[in-house]
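Hi there,

Here is the structure I promised to pass on. Please have a look at it first, and then read my notes below.

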Amino acid sequence: MKLTPREREVITLVAEGFADKEIANRLNMSPRTVQTHLNTVINKLSARNRTNAAALFIKKKFQRKKI
């Protein structure tokens, strides 16, 4: 399942180590909205948690660049 552009922005910032409040400030949204996007990403990637989602996202992104 594809991620929306906003979901990609959120998971990229999670992968860079930002907290929900920091992501919310950077993207002009509430921390709750960040959590909602992140939960959607976790479900779409069948991840166990935010760290696993970030790792899976980076792995998939890297694999696409190799082709």
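**What I found**

The protein chain has 4 helices and 0 strands, where helices (H or I, at least four residues) and strands (E, at least two) are DSSP runs numbered from the N terminus. Read from the N terminus on, its elements go α-α-α-α. Its radius of gyration is 11 Å, close to the 11 Å that the globule rule gives for 67 residues, so the chain is as compact as a globular protein of that length. That radius is taken over C-alpha atoms, and the rule is 2.2 Å times the number of residues to the power 0.38.

A word on provenance: this is a predicted model, in which local features need pLDDT of at least 70 and side-chain atom pairs count only at pLDDT 80 or more, while totals for chains, interfaces and linings use all residues. Residues are numbered from 1 along each chain as its sequence is written, and side-chain values use heavy atoms, with hydrogens and water left out.

Along the principal axes, the C-alpha atoms fill a box of roughly 35 × 20 × 20 Å. Of the 67 residues, 34% count as buried (under 20% relative accessible area, with exposed over 50% and partly exposed in between; 1.4 Å probe, protein chains only).

Now for the helix pair. The axes of H2 (residues 20–27) and H3 (residues 31–44) come within 8 Å and cross at roughly 105 degrees; axes here are lines fitted to C-alpha atoms over the stretch in contact, and angles run from 0 to 180 degrees between N-to-C directions. That makes H2 roughly perpendicular to H3 (65 to 115 degrees; under 35 is roughly parallel, over 145 roughly antiparallel and the rest oblique). H2 brings Asp20, Lys21, Ile23 and Ala24 to the contact, and H3 brings Pro31, Val34, Gln35 and Leu38, contact meaning heavy atoms within 4.5 Å. These residues divide into 5 nonpolar, 1 polar and 2 charged (Ala, Val, Leu, Ile, Met, Phe, Trp, Tyr, Cys and Pro are nonpolar, Asp, Glu, Lys and Arg charged, and the others, Gly among them, polar).

- Alanine 24, in H2, counts as buried at 2% relative accessibility. Leaving aside residues up to four places away in sequence, alanine 24 touches Met29, Ser30, Pro31 and Val34.
- Asparagine 52, in H4 (residues 50–66), is buried too, with a relative accessible area of 15%. With that sequence exclusion of up to four places, asparagine 52 touches Ser46 and Ala47.

Best wishes
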